[in-house]
Amino acid sequence: MKSNIKINKQRLIESIEEMAKIGKTPKGGVNRQALTDLDKISRDLFINWCKKEKLQITIDKMGNIFARRSGKNNKLPPIMSGSHLDTQPTGGKYDGALGVLSALEVIRSLNDINYITEAPLEIVVWTNEEGCRFPPSMTGSAVFSGQYSLNKALAIKDPEGNTLGKELTRIKYDGKTSCKPRKIGAFLETHIEQGPILEMEKKTIGVVSGAQAQRWYEVNIKGMEAHAGPTPMNRRKDALVGASKIVLLVNEVGNKFQPGGCATSGVLNIKSPSRNVIPGECFLTIDFRHPSDFKLKKMDEKLRIEIKNISKNYNLKINIKQILKLSAVSFDKKIRKTIKSVSTNLNFPHKEIISGAGHDAVNINKIAPTGMIFIPCVDGISHNEIEKALEKDIFSGAQVLLHSMIALAEDL
Ligand SMILES: [Zn+2]
C-alpha cells in the first residue's frame with residue numbers, strides 16, 4: 001500500500017466549515033433542508049470546488065450530482081463515494097457533508113500528486129437523504145437503485161404543497177441524465193456513527209457490516225369511555241392502562257433481545273382525554289430493530305403473544321398493524337475486508353459495527369458492491385445542532401477512504 005499518500009486535513013476541515021456556513025443556526029448547527037435555496041447554494045459550492053479539480057459533472061433527473069475523475073482505463077466501472085448535503089431542521093455540520101467532502105478531499109489529494117487510478121473515480125451527492133421536507137428519506141438513491149419510481153418521487157409534496165419535482169426545477173437541479181442503475185465498481189460512504197459505540201470503545205474507524213432489520217407498527221387500543229367515579233375497577237375497559245402495558249412490554253422485549261435489539265414506543269395518543277373519564281381509545285407506535293432478521297421475527301412473535309394477553313386481561317380490543325418491514329442488510333465482504341486491512345495498515349483502531357440508521361449506502365448496496373466507513377461522533381449525538389466530530393477522527397476517516405478507494409480502483 002502506498003501509505004505515504006495523505007489527505008490534507010486542514011483543507012478538509014476548512015471545506016466542512018465553509019459548507020456549514022450555508023444554513024448555519026445560532027447554536028452552531030445547520031438547517032439546510034432538501035431543495036431549498038440553501039440546498040442550491042451548497043450544491044453550487046460543491047460543483048465549483050469540483051470544477052476546480054477538473055471533474056466532469058453530471059446531474060440526473062432526481063438532481064443527484066455526479067463528479068467524475070477519469071482513470072487510466074475508463075471502460076472500468078467507477079469507484080464511487082459520497083453522501084448527502086441536505087440536513088434536518090436542527091441538523092449538524094457532519095451528517096452527510098462529511099461523506100461528500102471526504103470524497104472530494106480524496107480527489108484533491110490525488111490531484112495534488114497527479115496520481116491517476118486505473119478505474120475512474122466519482123463523487124456523488126444524493127438528493128433528499130433526510131426526507132424531513134419530502135418524506136420518505138433517501139429518495140435520490142432509492143430512485144437511482146431502482147427501488148422507487150422517478151415519477152412518484154417527483155410528485156412527493158412538502159408541507160406547503162410544493163412538489164419535489166417543481167422544487168428541483170426551481171433551483172435548476174432538474175438534470176437531463178436518466179436516474180437508473182448503472183455499473184458501479186464499488187460504492188463507499190463515510191459517515192459519522194450517530195451513536196456512542198466507537199467513542200466508548202476508543203475506536204477510530206467503524207467498518208460497517210450492514211444495517212439493522214426494522215419493523216414499525218401502529219397499535220389501536222379500544223376500550224370504553226366511562227365515568228371515573230361511578231365505574232368500579234373490575235368493570236372498566238381502560239385503553240390507557242392497556243397502552244401503558246404495551247409501552248412497558250415494548251421496552252421489555254428490547255431488553256430481552258440483547259445484544260442488538262432496539263424497541264421504542266415514540267407516539268402515544270389518548271382520544272379525547274379528560275381527567276374524569278376512563279380513556280376509551282388510544283393509539284401508539286412501535287419501532288423494533290435488530291441486526292438479525294430471525295431475532296426480529298422472534299421479537300415480533302413475543303409482541304403479538306403478549307398483546308393478546310393484555311387484550312384478554314384488560315378487556316380491550318387491540319389492533320396491531322405492521323406498517324414497515326425492512327430486512328437486515330449486509331455490506332459487501334470484499335469491501336469490508338479492504339476497509340479493515342487499510343485501517344490496520346494505517347494503525348487506526350477499528351471494529352466491525354452495525355448501522356442503526358438508514359443511509360444511501362443501504363440503497364446502493366442493492367445494485368453495487370458497497371461499504372461504509374464510520375467515525376466517532378462526540379457523545380454519540382447526531383440530528384442535533386451540537387453534533388460534533390473530532391479533527392483527528394475526520395482525518396482518519398478520509399485517510400481510510402483514500403486508501404480504500406485506491407485499493408478498489410487498482411483492484412489490489
Ligand atoms: Zn446522513
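These questions and answers walk through a predicted model, from its zinc site to its strands, helices and backbone.

Me: Which residues coordinate the zinc ion?
Reply: The donor distances run from 2.0 to 2.2 Å. Two of the donor atoms are NE2 and one is OD. The residues are His84, Asp95 and His191.

Me: What spacing do the donors of the zinc ion follow along the chain?
Reply: The donors are His84, Asp95 and His191. Their spacing along the chain reads H-x10-D-x95-H.

Me: How many residues apart in sequence are the parts that His84 and His191 tie together?
Reply: The zinc ion is coordinated by NE2 of His84 and NE2 of His191. His84 lies in strand β3 and His191 in strand β5, so the pair links parts separated in sequence by 107 residues.

Me: Is His84 buried or exposed?
Reply: The cut-off for buried is under 20% relative accessible area. His84 has a relative accessible area of 0%, so His84 is buried.

Me: Is His191 buried or exposed?
Reply: His191 sits in strand β5. Its relative accessibility is 1%, so His191 counts as buried.

Me: How many of the residues of strand β5 are buried?
Reply: Strand β5 covers residues 186-192. The rest of the structure largely encloses β5, because the buried count is 7 of the 7 residues.

Me: Which residues point the other way from Ala186, Leu188, Thr190 and Ile192 in β5?
Reply: In a regular strand the side chains alternate between the two faces of the sheet. In β5, Ala186, Leu188, Thr190 and Ile192 point one way, and all are buried. The other way, also buried, point Phe187, Glu189 and His191.

Me: How many bridges join strand β3 to β5?
Reply: Strand β3 spans residues 79-84 and runs parallel to β5. Ile79 stands opposite Ala186 in β5. The number of bridges joining the two strands is 3.

Me: Which residue in β16 is the bridge partner of Phe187?
Reply: β5 and β16 pair in the parallel sense over 6 bridges. Phe187 belongs to β5. Its bridge partner in β16 is Thr370.

Me: Are α2 and α3 roughly parallel or roughly antiparallel?
Reply: The axes of α2 and α3 come within 10 Å and cross at roughly 15°. Angles under 35 degrees count as roughly parallel. So α2 and α3 are roughly parallel.

Me: Which residues of α2 and α3 make the contact?
Reply: The two helices pass in a left-handed crossing. From α2, the contact uses Phe46, Trp49 and Cys50; from α3 come Val100, Leu101, Leu104 and Arg108.

Me: Why is α3 oblique to α12?
Reply: The axes of α3 and α12 lie 9 Å apart. Their packing angle is about 60°. That angle makes the pair oblique.

Me: Which residues in α12 meet Leu98, Ser102, Ala103, Val106 and Leu110 in α3?
Reply: The crossing of α3 and α12 is right-handed. On the α12 side, the residues are Ile394, Ala398, Leu401, Leu402, Met405 and Ile406.

Me: Which residues is Asp393 in contact with, leaving aside its neighbours within four places in sequence?
Reply: Asp393 lies in helix α12. At 4% relative accessibility, Asp393 counts as buried. Its contacts are Thr204, Ile375 and Pro376.

Me: Is Leu35 buried or exposed?
Reply: Leu35 is found in the loop between α1 and α2. Its phi is near 65°, a positive value in a residue other than glycine. Relative accessibility is 0%, so Leu35 counts as buried.

Me: Is Asp379 buried or exposed?
Reply: Asp379 lies in the loop between β16 and α12. Its phi is near 60°, again positive in a residue other than glycine. Relative accessibility is 54%, so Asp379 counts as exposed.

Me: What is omega for the peptide bond from Pro135 to Pro136?
Reply: Pro136 is found in the loop between β4 and α4. The bond from Pro135 to Pro136 is cis, with omega near 5°.

Me: What is omega for the peptide bond from Gln258 to Pro259?
Reply: Pro259 has its place in the loop between α8 and β9. The bond from Gln258 to Pro259 is cis, with omega near -5°.

Conventions: Residues numbered from 1 in each chain as written. Predicted model: local features only at pLDDT ≥ 70, side-chain atom pairs only at ≥ 80, totals over all residues. Heavy atoms only, no water. Helix = DSSP H or I, 4+ residues; strand = E, 2+ residues; numbered from the N terminus. Buried < 20%, exposed > 50% of the residue type's maximum accessible area, 1.4 Å probe, protein only. Pairing = 2+ DSSP bridges. Donors = N, O, S within 2.8 Å, 3.2 Å for Na, K, Ca; no water. Axes fitted to C-alpha atoms, helices over the stretch in contact; angles between N-to-C directions. Parallel < 35°, antiparallel > 145°, perpendicular 65-115°, else oblique. Left-handed = near helix turned anticlockwise from the far one by under 90°. Contact = heavy atoms within 4.5 Å.
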